[in-house]
Amino acid sequence: MVDNKVLASTHANFFQTLPQQTDSAKRDTTKKVMKKSGLDSKLEYYAKDSVVLDRKNEIQYLYGGARVKYEGLELDAEYIRFDNKNKVIFASGVKDEKGKYYGRPIFKTEGQGSSMADSLSYNTETGKGIVDGVFTEQEGGFFSGGKTKMQPDNEFHVHGTTFSTCNLPHPHFGIQISKGIATENHIIAGPVFMKFEDIPMPIGLPFLFFPKPNKKASGFILPTPGEDATRGFSLLGGGYYLAFNDYLDARLTSNIFTNGSYDLNLVSNYTKRYKYNGSLSLAYSSSRNGLEGTPEYEPLKNFNITWSHSQGANARPGTTFSASVNAGTSSYFRETNAYGTYDPSQALRNTMSSSIAYGKVFGDGLFNFTSALTHSQETQNKTISLTLPDIALNMTTISPFDSKKRVGEAKWYQKLTVGYSMSAYNRVNTTEDVLFSKSGLNAFTNSVDHNVPISLPFTLFQYLNFSSSVNYNEKWDFKTIRNRYIRSSTGTGYEVRPDTVNGFKRGGQYSLSTSMSTKIYGTKQFKGNGSIRAMRHVMTPSLSFSYRPDFAKESYGYYLPAQYYTDDLRPGMSQPTGEYVKDQFGNQVLYSVFMNGGPSQGRSGSIGFSMDNNVELKVRNRKDTTGTGERKLAILQGLTFNTNYDLFRENKKLAPINFSGRSQFTEKLGINFNGIFSPYSVGLVSYTTGTGANQVTTTSYQELDRYVWKDGKLPRLTNFGFSFDYSLNPEAFKKRNENIDQLNQQNTPANRTQEQIDQLNAISRDPNAFVDFNIPWNFSFNYRFDYSNTLGRPETRNVTNTLNFSGDFNLTPKWKIQYTSGYDFKAKNLSQTNFAIYRDLHCWDLSATWVPFGAYQSYSIDIRVKASVLQDLKLSKRKGYYTRY
């Protein structure tokens with residue numbers, strides 16, 4: 001073996017090498033270093049095959065897996081030639097016996113990513129170079145083809161190059177750049193035109209500017225043209241992006257329609273590393289859904305505010321602050337079709353809610369303080385509920401008679417525990433149109449509740465677990481009510497008119513309770529070689545007793561008698577008549593002066609009973625090849641029966657018997673069920689109304705105060721329901737969850753774009769939103785059955801059962817069809833049905849959604865570039881559910 005040593009001399013500007021060997025498999029592949037001579041910097045080179053020197057012309061030839069490093073240039077190719085006299089490095093690939101070109105040059109310059117080319121020539125003295133057939137990735141796009149000239153100031157002059165987001169050396173589409181200059185921060189090109197499958201488009205642009213910022217930069221957001229059957233032609237998503245710094249930005253976008261409709265949306269994201277991050281969105285919409293001159297043409301004004309804020313886990317130990325706000329007019333999502341996303345789940349939403357919460361733990365963890373501003377809306381009835389604020393203070397349960405130095409088991413009195421909790425609120429329930437009026441703001445009610453629980457657990461006879469407790473509750477209200485009862489014009493009913501009285505009012509109450517529970521085990525072993533080896537039944541019976549005095553007595557002042565007043569709407573003119581309201585049994589009716597519930601009325605004492613059951617089988621594990629393996633199989637889980645007996649109720653003292661449970665038949669299929677048994681008989685009951693000639697007697701079936709077992713019958717089933725869900729291909733849901741986890745890991749909340757946030761939300765809402773062609777099909781369904789018959793009569797029986805299903809399948813390796821629907825067996829009709837079609841076009845994708853029938857009938861078709869850098873290059877066609885013609 002001959003060592004290819006390179007000799008360096010300070011007086012010579014060339015390399016020396018021994019003659020090239022014919023056996024390339026035995027060549028020395030060590031790295032050679034040429035120190036300064038004719039070069040200004042150190043040159044490192046390497047070749048797997050051989051290194052050959054042309055001493056006369058001062059040219060170095062590198063064959064097979066060659067590599068050169070010089071200053072900021074790193075170059076790999078199958079063939080490299082270095083001309084030391086002219087300071088030129090040339091690199092190219094070679095053709096094999098079949099004519100295939102391989103070993104193309106891969107080069108990287110300082111401050112740029114790696115690029116591939118057919119060949120290149122680079123002058124180490126001037127820093128200039130020429131690259132033919134370049135293929136390089138820049139900021140999510142790819143430059144391919146043409147000729148590139150490198151300049152010493154790190155500029156690149158390009159000619160005949162194609163820019164595309166398609167990652168193929170021969171892309172499906174692209175922007176053809178006739179001439180261009182690329183610097184570290186931008187690319188200026190022109191003229192340019194689109195090219196699809198090598199077919200140039202007839203319309204181009206005289207110049208084009210590609211920003212390549214090293215940091216966030218402000219700029220215009222180009223709109224997307226569109227068409228809506230009702231609102232006309234549109235420009236969607238256009239606006240301006242403001243990059244204040246790396247921690248704060250804002251994006252103002254709009255949707256504009258030719259019929260006069262428009263939407264505005266301001267979104268801002270902010271973050272402070274290790275401290276907090278969040279986003280704020282303000283949206284306003286003016287929608288016209290009819291022809292000019294029709295009532296529907298009048299603009300519908302809507303707005304929406306969303307704000308999310310999260311605090312870092314270690315930002316302020318012991319203190320938390322978070323916000324999740326979604327508020328606005330009830331018809332915003334419906335009228336804007338979820339701000340142009342055509343997402344049925346968002347357009348159909350009928351509730352909105354918000355919460356801004358603050359919490360702090362103090363007193364060495366003894367106290368926990370929380371406060372929140374909350375809001376909820378029901379969009380159908382346009383009702384709104386605000387709580388400003390909701391405050392809670394909780395104290396950890398303490399044992400006042402126990403000692404920290406105690407050794408051994410605690411004595412009975414040392415087990416006594418005391419706790420404390422306080423909650424306060426300032427709340428209003430009203431409608432959207434009067435919320436900010438004077439009457440709406442005056443409707444706020446406020447209250448403070450204090451609760452002190454005292455409990456003492458103990459055990460008798462080793463198996464009976466007892467727990468006794470005393471609970472004291474005190475309520476403070478700053479507004480009370482005084483009711484006026486006005487007789488109706490027919491004299492058979494009355495109307496209640498409450499008057500609000502400002503002033504402080506307190507009310508206290510207490511209750512006593514005790515409970516006992518134990519466990520009973522039953523086990524059955526099975527002999528032989530059968531699949532069932534053993535069965536175990538665990539019963540947990542419990543018995544409880546509770547008592548609460550009557551706090552409606554006149555001495556407490558918490559309740560007042562209901563009295564009739566004269567019907568006069570003038571303030572202060574309605575006067576008491578001296579007649580009091582009575583119930584159907586002739587007892588005087590009392591009402592509480594507390595606006596949102598106070599101390600309870602009437603004595604209460606009850607005995608409760610419950611029985612919990614769990615049944616398990618121990619079966620042979622067929623997967624165990626030894627034949628001795630076993631596994632547990634839950635047959636019944638949480639089969640619970642419970643009821644209670646009211647000691648002071650005048651009739652029907654025994655409450656209905658409730659039961660619930662679940663059964664896991666297989667690892668993939670489980671059933672949940674629940675129901676109610678009534679212990680009372682049903683019979684005909686006569687009612688007489690009116691007097692004299694107007695007296696009318698009616699008869700109807702009602703529950704009687706008579707137990708069914710007195711008639712030799714079992715309790716009557718009045719309600720029953722069960723449900724189950726099943727997926728024929730659970731791997732689809734596993735893939736969906738993995739996709740969500742991956743998206744969460746790749747993009748932290750602070751750095752997510754709005755497109756990524758929308759994508760994650762869509763996947764979370766819809767199991768089929770993630771298109772995975774690796775799963776050829778998926779079908780899942782859930783079924784719900786409900787039966788109710790309060791009187792056990794045919795005329796009172798009601799049965800509902802619904803089936804919901806969803807899934808997808810690959811029509812071809814590149815076509816995916818998804819569907820979501822259901823069937824209501826009572827209405828004999830399909831529920832909300834959605835179809836979606838997805839076509840993978842490599843660097844493009846085609847998606848279509850269709851709601852074929854129902855109130856939200858609509859469709860949406862989009863063809864667009866996958867990469868976000870050209871996200872505005874798309875074509876959309878939509879028909880909203882609001883379209884009337």
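Which side chain meets Glu-579 in a salt bridge? In this predicted model, the partner is Arg-487, and the N to O distance between the two side chains is 2.3 Å. The pair links distant parts of the chain, since Glu-579 belongs to strand β41 (residues 576-580) while Arg-487 belongs to strand β35 (residues 464-487), 92 residues apart. Glu-579 is partly exposed, with a relative accessible area of 37%, and Arg-487 also counts as partly exposed, at 37% relative accessibility.

A second pair that links distant parts of the chain is formed by Lys-652 and Glu-703, whose side chains meet in a salt bridge at 3.5 Å, N to O. Here Lys-652 sits in the loop between β44 (630-646) and β45 (657-664), whereas Glu-703 lies in strand β48 (residues 696-707), 51 residues apart. Lys-652 is partly exposed, its relative accessible area being 25%, and Glu-703 counts as partly exposed at 25% relative accessibility.

Salt bridges with shared partners also join Arg-67, Glu-74 and Asp-76 into one network. Within this group, Glu-74 forms a salt bridge with Arg-67, with the closest N and O atoms 3.3 Å apart; Glu-74 is partly exposed at 31% relative accessibility, and Arg-67 is partly exposed with a relative accessible area of 26%. Across the whole structure, a search finds 22 salt bridges.

Ser-92 counts as buried because its relative accessible area is 10%, which is under the 20% cut-off. Leaving aside residues up to four places away in sequence, Ser-92 touches Ala-77, Glu-78, Tyr-79, Tyr-101, Gly-103, Pro-105, Asp-118 and Ser-119.

Notes
Residues are numbered from 1 along each chain as its sequence is written. This is a predicted model: local features need pLDDT of at least 70, side-chain atom pairs count only at pLDDT 80 or more; totals for chains, interfaces and linings use all residues. Side-chain values use heavy atoms; hydrogens and water are left out. Buried means under 20% relative accessible area, exposed over 50%, partly exposed in between (1.4 Å probe, protein chains only). Contact means heavy atoms within 4.5 Å. A salt bridge is a side-chain nitrogen of Lys or Arg within 4 Å of a carboxyl oxygen of Asp or Glu. Helices (H or I, at least four residues) and strands (E, at least two) are DSSP runs, numbered from the N terminus.
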